[in-house]
Amino acid sequence: MDHFLYRDGVLHAEDVPLPDIAAQVGTPFYCYSTATLTRHFHLFEQALAGMDHLICYSVKSLSNQAILRTLAKLGAGMDVVSGGEYRRARAAGVPGERIVFSGVGKTREEMVLALNDGIRQFNVESEAELVILSDIATGMGVRAPITLRVNPDVDAKTHEKIATGRKEDKFGVPISRARDIYAQAAQLPGIEVVGVDVHIGSQLTDLAPFEAAFTRIADLTRTLRADGHNIRRLDLGGGLGIPYTTSNETPPLPLDYGAMIQRVLGDLDVEVEIEPGRLIAGNAGILVAQVIYLKQGEGRDFLILDAAMNDLIRPAMYGAHHDIVPVIEPAPGFERRAVDIVGPVCESGDTFARQRDMPPLGAGDLVAFRSAGAYGAVMASEYNTRPLIPEVLVHRDHHAVIRPRPSFDEILNRDRLPAWLTD
Ligand SMILES: *Cc1c(COP(=O)(O)O)cnc(C)c1O
């Protein structure tokens, strides 16, 4: 359930009519719902109740500081994958002790930043990284708390580009080598082993791959403890999928996911961390766009929007489906007809949907892409010199622009002409 519903025939974000926001900020724009973010966060809290746990929201899914602050105030920690995201989380008021740092390519600068400013743990992904991190920590006179991200070699059965837990994927260290690397870590002066980490992919719609991975992690934890390591935290990653259509998808509920975690790991006496991104942010955001033209082609009609692949790349990049609905509810008894829904960018890949059955729509009408909160705004670019679109956060009957649309002057002034071109 989300908080984007029709009231008196007009789509609202909580108590705010979307046409009001469109009139104020212009289209296209992203719009997020505080109540939905809060609801999703609480679902995970309930799912893990009774277990020592920390929910580390995956910053990369939707990273605006207003979103991070909203979640931090509910008690969330954060999972970051870059120095930039670390800075965002800190700027949003999240203490270092609540931030975990993931990613295969952490640089020395990023390690120094986090060690200086506070970090809960580094989720280390290779021996090379472990050695460098120890080196840096030793130089700073501290010990870096770490988990090792283990690759359990399970197939998450998700989209090729977001599966991360098979042995051919670049992430983590093979579970078969984990014991050796933990032994090595224990010898490094700048390293303090605190746990084990796993993240097998995103948009998983079945609990079985999670359960297979967590079972392997539980076994590994027993082995590592027998080897003398103080494994007190298990970071289980993110990846729980969401319904992108109301009709045919029923991914597992957080409550069932939590029950499975408690069943598989409950007797280990560990603190559990999870890193959900999409499930918290995905259905808490929509993208609102306006129809520029209805173009009648040969045997095919095109609905040309003012939003494009640079604003929401998921359909072009993953072949992803987004429900697209009119902001003004069509009159009862309307007839649907199939149209291609496209943006203005000069690429055929700039297609949001092909032959989608839509109610009658024409120039000037507003539409909303549902489930666009996660991996939407954060993956946007200014391709075709299209300004990054604004982000708006709604809270009951309030709304605020949490990232304004840049002016063309701001965009053009970022370029610099070299001396030899400025005579
Ligand atoms: C992307 C990512 C997540 C979040 O995944 P979701 O599918 O959005 O829940 C969590 N942990 C790590 C390490 C990631 O790379």
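**Entry 1: salt bridges**

I began with Glu192 and Arg232, whose side chains meet in a salt bridge at 3.0 Å, N to O. Glu192 sits in strand S11 (residues 191-197) and Arg232 in the loop between H8 and strand S12 (233-235), so this pair ties together parts that are 40 residues apart in sequence. A note on the term: I count a salt bridge when a side-chain nitrogen of Lys or Arg is within 4 Å of a carboxyl oxygen of Asp or Glu. Helices (H or I, at least four residues) and strands (E, at least two) are DSSP runs, numbered from the N terminus.

Before going on, I noted that this is a predicted model, where local features need pLDDT of at least 70 and side-chain atom pairs count only at pLDDT 80 or more, while totals for chains, interfaces and linings use all residues. Residues are numbered from 1 along each chain as its sequence is written, and side-chain values use heavy atoms, with hydrogens and water left out.

How many salt bridges does a search of the whole structure find? I got 20. One that I looked up joins the side chains of Arg177 and Glu127 at 2.8 Å, N to O. This pair links distant parts of the chain, 50 residues apart: Arg177 is in the loop between strand S10 (173-174) and helix H7 (178-187), and Glu127 is in helix H6 (residues 127-140). Arg177 is partly exposed with a relative accessible area of 33%, and Glu127 is partly exposed with 27%.

Are Arg233 and Glu273 buried or exposed? Both are buried. Their side chains meet in a salt bridge at 3.8 Å, N to O. Arg233 lies in strand S12 and Glu273 in strand S13, so they tie together parts that are 40 residues apart in sequence. I also found that salt bridges with shared partners join Arg120, Arg233, Glu271 and Glu273 into one network.

**Entry 2: Leu220**

I found Leu220 in helix H8 (residues 208-226). Leu220 counts as buried, at 8% relative accessibility. Its C-alpha atom is separated by 9.6 Å from that of Ser176, which is 44 residues apart from Leu220 along the chain.

I kept the general rule in mind: most residues other than glycine have a negative phi, and most peptide bonds are trans.

Where is there a cis peptide bond? I found one joining Thr27 and Pro28, with omega about -10°. Pro28 is in the loop between helix H1 (18-25) and strand S4 (29-33).

Asp269 is not a glycine, yet it has a positive phi of about 55°. I placed Asp269 in the loop between helix H9 (254-265) and strand S13 (271-274), and it is exposed, with a relative accessible area of 70%. Arg396 is not a glycine either, and its phi is positive at about 55°. Arg396 lies in the loop between strand S20 (391-395) and strand S21 (398-403), and is exposed with a relative accessible area of 54%.

I then went looking for pockets and cavities on a 1 Å grid over the protein atoms alone: a cavity is a set of points where a 1.4 Å probe fits but cannot get out, a pocket is an open set with protein on both sides within 12 Å along at least five of seven lines, and lining residues have an atom within 4 Å of a point. Grid points are joined across faces, edges and corners, and a volume is the space filled by probe spheres set on the points.

The largest pocket holds about 900 Å³ of space. I found 37 residues lining it, with Asp2, Pro243, Thr245, Thr246 and Asn283 nearest its centre. Strand S1 (4-7), helix H2 (34-47), H9, strand S16 (324-326) and strand S18 (351-358) each supply at least two residues of this lining.

I found one cavity of 30 Å³ or more. The largest cavity has about 50 Å³ of space, and its lining is Leu294, Leu303, Arg337, Val339, Met358, Pro359, Pro360 and Leu361.

Key: Buried < 20%, exposed > 50% of the residue type's maximum accessible area, 1.4 Å probe, protein only.
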